[in-house]
Amino acid sequence: MRKKIILIGAVTLFALGLLTSCDLIEECGTCEMVTEANGIETRGAPIPYCGDELKEKEDQGAVTVGGVTTWWECN
């Protein structure tokens with residue numbers, strides 16, 4: 001009886017983990033900030049984004065301030 005209760009609890013926790021996962025509900029991707037100054041391009045570390053945050057990063061255009069241009073590049 002005890003094994004059956006533990007098995008049911010483990011299956012329930014596993015199912016709840018799958019249902020709340022961002023990957024199953026929303027589109028996810030990684031974005032990195034790219035900076036270009038004086039012809040030299042520097043890339044930041046890739047950061048994972050999902051849903052509206054990913055869409056926001058993909059829609060942002062390049063910004064140039066004082067000869068330094070930055071933009072987000074997403075995969």
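**Close-up 1. Cys28 in the predicted model is partly exposed, because its relative accessibility is 29%.** The structure is a predicted model. Cys28 is joined to Cys50 by a disulfide with an S to S distance of 2.0 Å. Cys28 belongs to strand S1 (residues 28-37) and Cys50 to strand S3, so the bond ties together parts that are 22 residues apart in sequence. The torsion about the S-S bond of Cys28 and Cys50 is about 105°, so this disulfide is right-handed.

**Close-up 2. A disulfide is formed by Cys31 and Cys74.** The sulfur atoms of Cys31 and Cys74 are 2.0 Å apart. This pair links distant parts of the chain, with Cys31 in strand S1 and Cys74 in strand S5, 43 residues apart. About the S-S bond of Cys31 and Cys74 the torsion is about 105°, so the disulfide is right-handed. Cys31 has 0% relative accessibility and therefore counts as buried, whereas Cys74, at 22%, counts as partly exposed. The structure holds 2 disulfides.

**Close-up 3. Tyr49 and Trp72 form an edge-to-face aromatic pair.** A search of the whole structure finds 1 aromatic pair. The ring centres of Tyr49 and Trp72 are 6.0 Å apart and the ring planes stand at 85°, so the pair counts as edge-to-face, the cut-off for that class being over 60 degrees. Tyr49 sits in strand S3 (residues 47-50) and Trp72 in strand S5 (residues 68-74), so that the pair links distant parts of the chain, 23 residues apart. Tyr49 is buried, as is Trp72.

Terms used: Residues are numbered from 1 along each chain as its sequence is written. This is a predicted model: local features need pLDDT of at least 70, side-chain atom pairs count only at pLDDT 80 or more; totals for chains, interfaces and linings use all residues. Side-chain values use heavy atoms; hydrogens and water are left out. Rings of Phe, Tyr and Trp (its six-membered ring) pair if their centres lie within 6.5 Å; planes under 30 degrees apart count as stacked, over 60 as edge-to-face and the rest as tilted. Helices (H or I, at least four residues) and strands (E, at least two) are DSSP runs, numbered from the N terminus. Buried means under 20% relative accessible area, exposed over 50%, partly exposed in between (1.4 Å probe, protein chains only). A disulfide is a pair of cysteine sulfur atoms within 2.5 Å.
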